[in-house]
Amino acid sequence: MGDGIGAVDAAAGAAAATMAVEDLPLYVLALVLRRLDGASLAAVGCACSGLRDLAADPDTWRALCLALWPSLRDVPCLRSAATGHHYRALFADAFPFPAMPPPPPPSASVPAASPPRSLPARLVSAVDLRHGGACIMSRVVETDASSDWFLGAPFRVDALVQEGFTAPAAIAPAELSLSWILIDPSTGRALNASSRRPVSVDRKWLTGDTVARFAVVLGSAGGGGGIALEAAVTCDERHGHVREVSLSAEDGDGGGVSGRDAIAAVAAATAGGRRGGRGGEAEAEARRQYEEFETGKRARKEWKARREGMVDLCCSGVGAAAFVGFLVMLTLR
């Protein structure tokens, strides 16, 4: 009898060894895939044709995106669209960071002027703020990006201002994470405008507020310096009160960027590529690029200060020489 049981166990082991993943029941595979993150789900879909169909399940992608970004429930262009393709394409656009184009080689000829890119007339911001993994704010902001006031004024979008809110507990800035997705409702394309983890934390000692900044750099940080999209969360970490959540843009010289220029940079980055990397590796790369952006900005400010100092010195020398010449002229008379 023992020999019979051993034979059965051996046969079962051989069958298990030859069983492929595709041999599992479809409902079991579907349950397994729904527990994967987006990057893993997309990778599984590339394994074989059978898994590709399961990995493209519309409900799976919708559930994954809404778990990651609860604010998407209130985005009008997603509520009225077919869920499957839209949520899967949205994840491919919004989860990775935008890729900076490589700088042209020094010997490259100047390309012919390309036709101007049409700018989006409206922008939808899906904003989710978390503390310690728990979502403490989800908000959707629609912005009219076609008005003269918006195009001419410095770029700024407020997701929370004045009214504020109080978190369930005291806030530790290092445990904050922010997702700010910019969506063009006319095309459905999206862009990740936040580094997810803070790239810097500054404390205002006079007011007691803390400002956590989440930034991504669009364009090359060399030469002109590019443009940085910077989301700022202003809070009182002692009492857990969040006062302000906003998005602005800054150029490589530390100055504000007009709405027109910022929207043009966002449109170009939205249509461009996305950067590889997963999780902490991608966030560390975003932080490194922001630090390079800040280093370049400080270097340009120092160079401008030295140049202005030289100009002032020259002007002072010319003025002194003129004054001495005037005194000499009076003495000789």
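Reader: What is the order of the four strands in the open sheet, and how are they paired?
Author: The order is β2-β1-β5-β6, with antiparallel pairing. Strands here are DSSP runs of E with at least two residues, helices are runs of H or I with at least four, and both are numbered from the N terminus. This is a predicted model, where local features need pLDDT of at least 70, side-chain atom pairs count only at pLDDT 80 or more, and totals for chains, interfaces and linings use all residues. Residues are numbered from 1 along each chain as its sequence is written, and side-chain values use heavy atoms, leaving out hydrogens and water.

Reader: How do you know that β1 and β5 pair?
Author: Pairing takes at least two bridges found by DSSP between two strands. Eight bridges join β1 (residues 122-131) to β5 (residues 176-183), so the two count as paired, and they run antiparallel. Within this pair, L129 stands opposite L178 in β5.

Reader: Why is R196 called buried?
Author: Buried means under 20% relative accessible area, exposed over 50%, and partly exposed in between, using a 1.4 Å probe and protein chains only. R196 has 15% relative accessibility, so it counts as buried. R196 is found in the loop between β6 (190-192) and β7 (200-204).

Reader: What does R196 touch?
Author: Taking contact as heavy atoms within 4.5 Å, and not counting residues up to four places away in sequence, R196 touches F95, F97, L176, S177, L178, F214 and E283.
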